[in-house]
Amino acid sequence: MPIRTNVENQIAEIVLDCPPVNALDSQSWLNLAETISRTGEHADIKCILIRAEGRGFCGGVDIKEMQAHPERIVTLNRGNYLTFKAVRDCPVPVIVSAHGFIIGGGIGICGASDTIIAADNAYFSLPEIDRGAMGGASHLSRMLPLHKVRAAFFTGGKISADEAYRLGGVEKIVPAETLLDQSRAFAAIIASKSRKALTLAKQALNGLEARDVDHGYRFEQGFTLEMYLHEDSQKARDAFVASKDKAVY
C-alpha cells in the first residue's frame, strides 16, 4: 500500500511508501487526506508523525498519470487541497519527518504541518514551472520568506535543509541515519502532554495566523488549472515522461 498507518504510544505514524519516488496519483492524495482526518479524530492519538520510506520524502504528484490523463487535474487538485487542509486542520499536532527530496505536494504537507524534522540530506524544490503546472507557493510561504519563495518558484531551484533551517522553516536537522529515532523522540515529547491542551493550543495557533494558507492554495490552484489547459503544459509533461534524466530526485 502506498500509505500505511502505525499507532504506538499515542503517536500515529502515517508512512508514504510508493516507490520509486513517493509520487502519489490523484486517488492516493484523496486517500491520504482521508487517512489524516480519520486518524486525528481518534481520542487516543496525541500526535501524528508523517514520514516516508525510500530515497526521498515525496516526489509530489504522479506526472505520468497527468501526462496520460490530463482530465484528472480537477480530482488531483481536490486531493492535494484536502490533504494539506487535513494536516493543518488536524486536531492534534502533525510533525513531518523528511529526508531526501521534498517536491511539490511534499512541500504542501510540510508547509501545512506544525513542525518539520529534516535529515541533513533533505532539500525542498518547486519544479512546477518546468512541469507545466503551478502550486506550492502558498505552503512554502508558510515556512520561508517571500523573496526566497519567489526565487525558488521562478527558477524551479532547490532549497537545502540547512538553508530552510537558517530561515526558520525547519525545527531541527539531524543525520539521515538518526532521523526516524529523533523524529519519534520529538513526537514523544508532544504525546506526553494533555490531548485537550494540545487540541486547544492548535486551534489557538491556527487562529492567530495572519493568512489563510488553505484559501491561498485554493486561489493558487486556479492558475494550475489555467496552466494545464495551455499547450505548453502538455508539452512539459510529455518531455518529463520521455526524459531518462531524473536528476531532480
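What percentage of the 249 residues in the chain do buried residues make up? Buried residues account for 52% of them, where buried means under 20% relative accessible area, exposed over 50% and partly exposed in between, with a 1.4 Å probe and protein chains only.

Before I continue, a word on the source. This is a predicted model, in which local features need pLDDT of at least 70 and side-chain atom pairs count only at pLDDT 80 or more, while totals for chains, interfaces and linings use all residues. Residues are numbered from 1 along each chain as its sequence is written, and side-chain values use heavy atoms, with hydrogens and water left out.

The chain holds eleven helices and eleven strands; these are DSSP runs numbered from the N terminus, helices being H or I of at least four residues and strands E of at least two. The radius of gyration of the chain is 17 Å, close to the 18 Å given by the globule rule for 249 residues, so the chain is as compact as a globular protein of that length. That radius is taken over C-alpha atoms, and the rule is 2.2 Å times the number of residues to the power 0.38.

Let us turn to the sheet. Six strands form an open sheet in the order β1-β2-β4-β6-β8-β11, with mixed pairing; two strands pair if DSSP finds at least two bridges between them. β1 (3-8) and β11 (172-174) stand at the edges with a single partner strand each, so one side of each has no neighbour in the sheet.

Within this sheet, β2 (residues 11-16) runs parallel to β4 and is joined to it by six bridges, with Glu-13 opposite Leu-49 of β4. Leu-49 also stands opposite Ile-95 in β6, and β4 (residues 47-52) pairs with β6 in the parallel sense over three bridges. On to β8 (residues 115-119), which pairs with β6 in the parallel sense over four bridges; here Ser-97 faces Ile-117.

How many of the five residues of strand β6 (residues 94-98) are buried? Five of the five are. Val-94, Val-96 and Ala-98 point one way, Ile-95 and Ser-97 the other. In general, side chains of a regular strand alternate between the two faces of the sheet.

Finally, helix α6 (residues 146-155). Its buried residues are Val-149, Ala-152 and Phe-153. The face turned away from that buried side carries the exposed residues His-147, Phe-154 and Thr-155. Just after α6, Gly-156 adopts a positive phi of about 70°.
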